[in-house]
Amino acid sequence: MQHTALPASQTLGADLRALRKARGLTLHDLSETLNRSVGWMSQVERDLSDPSITDLRYIAKALGVSVSMLFRHAAAPAHEAGYIVRKNARRPIGSSVAGLVEELLSPDLTDDFEVVHSTFLPHSRIKDPVSRPTQEVGYLISGSLEITISDRTHTLTPGDSFRIRGEPFRWANPFPDPAVAIWIIAPPVY
């Protein structure tokens, strides 16, 4: 993922560092809790390494915050706040190494649902099934994506949509092009 030049207070790493310090934790403390190296955690805080969505869930839990807090948008003009999210104001969450990068499209998480822009990189897949108490609908914009809901695997192409009602699911993009989907999740999980 390519980093844009944001002021230090607007980067994911700066937010994580501030949260860690506010809780009186050292890099060593947090790294030990996460079962990760101090070097890796330091690189994340300096925006030199991108944590995966799974890493972010563990980090958020260890810091006592919701993952949604890490999806913070850049400040919007007062007349747009809570209504409009500009493309260049969204912060990507995830890692190209893990194969999935997501951006929160909803202005905030005060509704009964959230809308996420998901990019599944070529030849990537989630290892473990995800199971959460939600209803989810996805719409594939581009590329192709395999989604396994319960034990049924479906291949999606642009224009296809799907629904998940709390069933365990997995995704895979064994194809040579990225797959891009819009994902609606209720209630919000981030």
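Colleague: What percentage of the 190 residues in the protein do buried residues make up?

Modeller: Buried residues account for 42% of the 190. Keep in mind that this is a predicted model.

Colleague: Let's do helices. What describes two packed helices?

Modeller: The general idea is that you give the angle between their axes and the distance between the axes.

Colleague: Now α2 and α3. At what angle do their axes cross?

Modeller: The axes of α2 and α3 cross at roughly 110 degrees and come within 9 Å. The range for roughly perpendicular is 65 to 115 degrees, and α2 and α3 are therefore roughly perpendicular to each other. The crossing of α2 past α3 is right-handed. On the α2 side, Leu27, His28, Leu30, Ser31 and Leu34 take part, meeting Val38, Met41, Ser42 and Glu45 of α3. By class, the α2 contact with α3 has 5 nonpolar, 3 polar and 1 charged residues.

Colleague: Staying with α3, which of its residues are buried, and which helices do they pack against?

Modeller: In α3, residues 38-45, the buried ones are Trp40, Met41, Ser42, Val44 and Glu45. The buried residues of α3 pack against α1 (12-22), α2 (27-34) and α4 (53-63). After α3 comes aspartate 47, and its phi is positive, near 60 degrees.

Colleague: On to strands. Where do the side chains of a regular strand go?

Modeller: They alternate between the two faces of the sheet. In β3, Glu114, Val116, Ser118 and Phe120 point one way, while Val115, His117 and Thr119 point the other way, and all are buried. With 7 of its 7 residues buried, β3 (residues 114-120) is largely enclosed by the rest of the structure, which is why both sets of side chains are covered.

Colleague: And β2: which residues point one way and which the other?

Modeller: Leu100, Glu102 and Leu104 point one way from β2, Val101 and Glu103 the other, and all are buried. β2 is mostly covered, with 5 of its 5 residues buried.

Colleague: How many bridges join β3 to β2 and to β10?

Modeller: β2 (residues 100-104) is joined to β3 by 5 bridges, and the two run antiparallel. β3 and β10 (residues 179-186) also run antiparallel, joined by 7 bridges.

Colleague: What stands opposite serine 118, and what is its bridge partner in β10?

Modeller: Glutamate 102 stands opposite serine 118 of β3. In β10, the bridge partner of serine 118 is alanine 181. For another pair to find in the viewer, leucine 104 stands opposite valine 116 in β3.

Note on methods:
Residues are numbered from 1 along each chain as its sequence is written. This is a predicted model: local features need pLDDT of at least 70, side-chain atom pairs count only at pLDDT 80 or more; totals for chains, interfaces and linings use all residues. Side-chain values use heavy atoms; hydrogens and water are left out. Buried means under 20% relative accessible area, exposed over 50%, partly exposed in between (1.4 Å probe, protein chains only). Helices (H or I, at least four residues) and strands (E, at least two) are DSSP runs, numbered from the N terminus. Contact means heavy atoms within 4.5 Å. Axes are lines fitted to C-alpha atoms, for helices over the stretch in contact, and angles run from 0 to 180 degrees between N-to-C directions. Angles under 35 degrees count as roughly parallel, over 145 as roughly antiparallel, 65 to 115 as roughly perpendicular and the rest as oblique. A crossing is left-handed if the near helix is turned anticlockwise from the far one by less than a right angle, and right-handed if clockwise. Ala, Val, Leu, Ile, Met, Phe, Trp, Tyr, Cys and Pro count as nonpolar, Asp, Glu, Lys and Arg as charged, and the others, Gly among them, as polar. Two strands pair if DSSP finds at least two bridges between them.
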